[in-house]
Amino acid sequence: MNVHDSEKMAGILEKEGYEITEDRGSADLIVYNTCSIREKAEQKFMSDLGRLKSAKSLRPGLRIAVAGCIAQQMGGQLLKRAPFVDYVLGPQNIHSLSTMAREAKTGEVATMDNPDATLLELPASRKEGNRAWVSIMYGCNNFCTYCIVPYTRGRETSRPGENIIKEISGLAAQGFKEVTLLGQNVNSYESDIGFVELLRKINEIDGLRRIRFVTNHPRNLSGELAEAIGTLDKVCEHIHLPLQSGSDSILKAMNRKYSFKEYMKCIELLRKYTPDIAITSDIIAGFPGESAEDHKSTINAIKSIQYDGLFAFRYSQRPGTKACEMDGHLEDELKQERLMEILDTQDAITLRKNQALEGSMVEIMLETEPGDESGKAAGRTRSNKLVNISDNSGSSSKDEFITVRVTRGNKHSLLAETVRD
Ligand code: SAM
Ligand code: SF4
């Protein structure tokens with residue numbers, strides 16, 4: 001989502017006559033797009049920003065903007081802490097970047113709530129290629145107790161269906177073959193049409209070959225969506241369905257609004273319509289009050305679900321959230337130990353699943369970066385598995401979609417060879 005927000009900011013600035021430079025030393029304007037989901041991202045940003053202080057004193061014409069969730073949270077505080085920053089703008093005020101840049105404003109803060117952000121059609125400067133991200137909704141209403149997102153990105157609002165279809169039709173006409181629909185909970189998308197109807201309409205767009213969407217909330221997973229994944233030909237056989245914890249008491253403390261049993265019902269439903277669907281998830285290790293038994297339930301959940309991949313994180317205290325005020329915060333070492341056990345458990349499962357694909361033929365969409373002369377080719381299957389091609393013939397292929405034979409299943413990717421007639 002942040003990468004796509006950066007594409008929008010680049011698009012806005014291009015309209016104002018700017019162009020992207022790889023050389024920070026020659027930039028007239030530096031825009032940070034920040035993330036505050038975990039403390040580490042915040043620390044990294046702060047130390048990097050500090051380094052710009054001297055750049056600004058050497059080049060007084062340089063302008064610095066801070067965007068994203070840290071900007072939203074800190075607002076004017078950021079200007080006090082780093083007076084060399086010129087603009088502070090939150091995720092709901094990306095559009096204000098154009099005025100700020102055009103009028104060379106300084107000391108400006110744009111962090112107000114903007115529920116109409118869904119109606120703004122911001123130009124996005126996308127990298128050349130065949131994959132594009134498309135926002136379908138903004139914000140979140142769920143208030144999971146560990147999460148900062150509802151405070152930084154505001155209330156959930158969905159973009160009108162017509163605007164989304166228009167944007168994707170345009171992308172398909174430009175040659176994009178895959179779209180990933182973005183939102184904190186895409187399966188609660190609701191505007192003039194619902195999410196499944198939106199998928200049906202996108203499925204009809206000529207030229208498009210693959211449709212993906214992230215992220216889904218288990219609470220909103222319907223039979224209708226499970227069926228749509230199984231029946232709409234362009235919708236890829238993959239779903240990201242974050243579990244967060246396998247323990248009911250921790251799920252309750254997290255305010256996730258489902259039990260493990262209910263989550264398992266979602267998995268059954270998905271596999272009923274799409275038996276080989278790839279399922280990935282997010283897990284938080286060491287939520288406040290998590291006992292050894294709770295952690296064991298998470299390990300058992302991972303084993304019984306048999307995910308295709310997992311993003312796991314140590315719980316990170318986010319000031320302003322309910323969990324931050326809870327009792328029973330765990331030591332970092334214990335959180336790390338639990339995180340490692342979660343990752344090791346999943347790695348063994350992923351390796352086994354990837355090895356089971358050895359010898360099979362899979363269709364991949366090539367993802368070699370334009371201008372990449374390394375001769376290496378890689379792509380992703382519909383199930384979103386990364387495939388590296390061992391021979392070079394893939395890189396010279398004019399087709400974006402090729403069928404390859406899997407020769408080895410590794411922990412995080414597949415190795416394959418191109419198939420000759
Ligand atoms: N809306 C999505 C959902 O509910 O699944 C998730 C969006 S969030 C940006 C991505 C992931 O970050 C979450 O699924 C969660 O696992 C993780 N996360 C959020 N807050 C966290 C925190 N305070 N500490 C550790 N991980 C966190
Ligand atoms: Fe955060 Fe929960 Fe909303 Fe996801 S659903 S963005 S984890 S509050």
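A crossing of two helices is called right-handed if the near helix is turned clockwise from the far one by less than a right angle, and left-handed if it is turned anticlockwise. In this model, which is predicted, α9 passes α11 in a right-handed crossing.

**The helix pair**

- Helix α9, which covers residues 223–231, packs against helix α11, residues 260–273, at an angle of about 35°, and the two axes are 8 Å apart.
- On the α9 side the contact is made by Gly 223, Ala 226, Glu 227, Ile 229 and Gly 230, while α11 contributes Leu 269, Leu 270 and Tyr 273.
- Sorted by class, the residues of this contact between α9 and α11 comprise 5 nonpolar, 2 polar and 1 charged.

**The site of ligand 1**

- Ligand 1 is surrounded by 15 residues, of which the closest are Gln 184, Pro 242, Gln 244, Asp 282 and Ser 316.
- The shell around ligand 1 is made up of 6 nonpolar, 4 polar and 5 charged residues, and the strands β11 (278–285) and β12 (309–314) each supply at least two residues of that shell.
- Two oxygen contacts can be described: an oxygen atom of ligand 1 is 2.6 Å from an N or O atom in the side chain of Asp 282, and a polar side-chain atom of Arg 256 lies 3.2 Å from an oxygen atom of ligand 1.
- A nitrogen atom of ligand 1, in turn, is 2.8 Å from a polar atom in the backbone of Gln 184.
- Taken alone, ligand 1 would expose 570 Å², and the protein buries 89% of that area.

**The site of ligand 2**

- Around ligand 2 stand Cys 140, Asn 142, Phe 143, Cys 144, Tyr 146, Cys 147, Val 149, Pro 150, Gln 184, Asn 185, His 217 and Arg 256.
- By class, this shell around ligand 2 divides into 7 nonpolar residues, 4 polar ones and 1 charged one.

**Backbone details**

- Val 214 and Thr 215 are joined by a cis peptide bond, with omega at about -5°, and Thr 215 has its place in the loop between β9 (210–214) and α9.
- The phi angle of Gln 244 is near 75°, which is a positive value in a residue other than glycine.

Note on methods
Residues numbered from 1 in each chain as written. Chains lettered and ligands numbered in written order. Predicted model: local features only at pLDDT ≥ 70, side-chain atom pairs only at ≥ 80, totals over all residues. Heavy atoms only, no water. Near = heavy atom within 4 Å. Nonpolar A, V, L, I, M, F, W, Y, C, P; charged D, E, K, R; others polar. Axes fitted to C-alpha atoms, helices over the stretch in contact; angles between N-to-C directions. Helix = DSSP H or I, 4+ residues; strand = E, 2+ residues; numbered from the N terminus. Contact = heavy atoms within 4.5 Å. Polar contact = N/O pair within 3.5 Å; in protein donor to acceptor, adjacent residues only side chain to side chain. Areas by Shrake-Rupley, 256 points an atom, 1.4 Å probe, with all protein chains shown as cover.
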